[in-house]
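Please look over the structure below, with attention to its sheet, its charged pairs and its surface. Questions and answers come after it.

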Amino acid sequence: MAADTSREAPLALAGPVTLATLDETGARLRRAKADVAVDLSAVTALDTAGAWLLASSGRAFGGGDAAQTLLLRTVQDALPAPAKAPRRKMRYRAGDGLASVGMAVGRLLTATGESLGFLGLVMARLSGLLLRPRRLRLTALVHHMQEVGLNAVPIVALMGFLIGVVLAFQGAAQLRQFGAEVFVVDLIAVSILRELGILLTAIIVAGRSASAFTAAIGSMKMREEIDAIRVLGLDPIALLVLPRFLALVIVLPILGFVASLSGLFGGGLMAWIELGITPSQFRTQMLADVSAAQALVGLVKAPVFAAIIALVGCHQGFQVKGDAESLGLRTSRAVVIAIFLVIVMDALFSVFFAVWGI
């Protein structure tokens, strides 16, 4: 224990320094100067409360017997470290902004590397599944096909119908000015079959399925079920990711086809009501001017969009930590990233098809 090094006479305490005399002892310590040491030579009794009062005062003390000194040292070692004063917020400097940009780029590159690693792991497991098809969990595959496909048919069909109605109504209002109302059929067919049908379907499925995948896998991660799967010698990727991945790749083209049919129906109905184009005229005009390649262009995108949505949703689920806040953050991030990547990929498809004249 530190010895008394102050120039003034030490503060001499006498009698018991216990819980019963805590107020009196504390008052004496407050009246004395902060740098005055404490002399315990006349202290007859010292308990934990008294030792805490002396130790928390930050003073040097001495003169006590061996038991009192040992108690004081034990209590002093158990005291929490003093809290550091909060650092003053520095003013913005040009270098700080550059550092923030660098850190953001670093985080982006790290996240991209982790995502590519997860993609490679899934592709490796998928290759192994193709070599040994018996390992595929058909029950889980059918379950997820129902969840992400069959249960999404009503909302996808309604969305397609409304998009067709809006295109027909807006197109009729513009084309009527030039006496070209008949070309509203081409506008509806090309827009829905080539772009809007599958793109909006993928966005809806990303909102439904990417969040559902993240929430399901993230909840298992929080409850340590994934660790239990590994302990049992099973592969979480083959068990949890592949059935969801394959289910979405299978059902998204079907959902896109449903959305396109609903969009054509809604557009044809509005064209009949707004422009007087009968269903037979609508069909004849569409078959004459719109080739089947337009529908194939839209359906070719569907498996790629499905793979993006499934991989993003499952990967974000594996990134969940042990709290509910992390689960909510990863679920929101999965939806945002999936929709963003779907739109970017759709733009790349458009450029590719335009370059090749498709």
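The turns below concern a predicted model.

Q: What is the strand order of the open sheet of three strands?
A: The three strands pair in the parallel sense. The edge strands, each pairing on one side only, are β1 (11–17) and β3 (61–62). Six bridges join β1 to β2, and two bridges join β2 (residues 38–46) to β3. The order is β1-β2-β3.

Q: Which residue in β3 is the bridge partner of Val38?
A: Val38 belongs to β2, where Val38 is the bridge partner of Leu11. Strand β2 also pairs with β3 in the parallel sense. In β3, the bridge partner of Val38 is Phe61.

Q: What angle does the direction of helix α3 make with that of β2?
A: Strand β2 pairs with β3 over two bridges. Helix α3 (residues 66–78) packs on the sheet and touches both β2 and β3. The direction of α3 makes an angle with that of β2 of about 100°.

Q: What angle does the direction of helix α1 make with that of β1?
A: Strand β1 (11–17) is an edge strand. Helix α1 (residues 22–31) packs on the sheet, in contact with β1 and β2. The direction of α1 makes an angle with that of β1 of about 175°.

Q: How many residues apart are Glu195 and Lys301?
A: Glu195 forms a salt bridge with Lys301, with the closest N and O atoms 3.0 Å apart. Glu195 lies in helix α7 (residues 184–222) and Lys301 in helix α11 (residues 292–318), so the pair links distant parts of the chain under the helix numbering used here. The separation is 106 residues.

Q: Which residues are linked with Lys301 in a network of salt bridges?
A: The side chain of Lys301 meets that of Asp346 in a salt bridge of 3.0 Å, N to O. This pair links helix α11, which holds Lys301, to helix α12, which holds Asp346, 45 residues apart. Lys301 also has a salt bridge with Glu195. The residues linked with Lys301 in the network are Glu195 and Asp346.

Q: Is Asp346 buried or exposed?
A: A residue counts as buried under 20% relative accessible area. Asp346 has a value of 7%, and therefore falls under that cut-off. Asp346 is buried.

Q: In which helix do Asp227 and Arg230 both lie?
A: The side chains of Asp227 and Arg230 meet in a salt bridge at 3.8 Å, N to O. Asp227 is partly exposed at 39% relative accessible area, and Arg230 is partly exposed at 47%. The two residues are three apart, about one turn of the helix, and both lie in α8.

Q: Which residues does Leu234 touch, not counting those up to four places away in sequence?
A: Leu234 sits in the loop between α8 (225–231) and α9 (236–275). Leu234 counts as partly exposed, at 43% relative accessibility. With residues up to four places away left out, Leu234 touches Ile229 and Leu239.

Q: What is the accessible area of the nonpolar patch formed by Val351, Phe352, Val355, Trp356 and Ile358 together?
A: Trp356 lies in the segment after α12 (324–355). Exposed means over 50% relative accessible area, so Trp356, at 60%, is exposed. Together with Val351, Phe352, Val355 and Ile358, Trp356 forms the surface patch, whose accessible area is about 560 Å².

Methods:
Residues numbered from 1 in each chain as written. Predicted model: local features only at pLDDT ≥ 70, side-chain atom pairs only at ≥ 80, totals over all residues. Heavy atoms only, no water. Patch = residues over 30% accessible without salt bridge, like charges linked within 9 Å, V, L, I, M, F, W, Y side chains within 5 Å. Areas by Shrake-Rupley, 256 points an atom, 1.4 Å probe, with all protein chains shown as cover. Salt bridge = Lys/Arg side-chain N within 4 Å of Asp/Glu carboxyl O. Helix = DSSP H or I, 4+ residues; strand = E, 2+ residues; numbered from the N terminus. Buried < 20%, exposed > 50% of the residue type's maximum accessible area, 1.4 Å probe, protein only. Pairing = 2+ DSSP bridges. Contact = heavy atoms within 4.5 Å. Axes fitted to C-alpha atoms, helices over the stretch in contact; angles between N-to-C directions.
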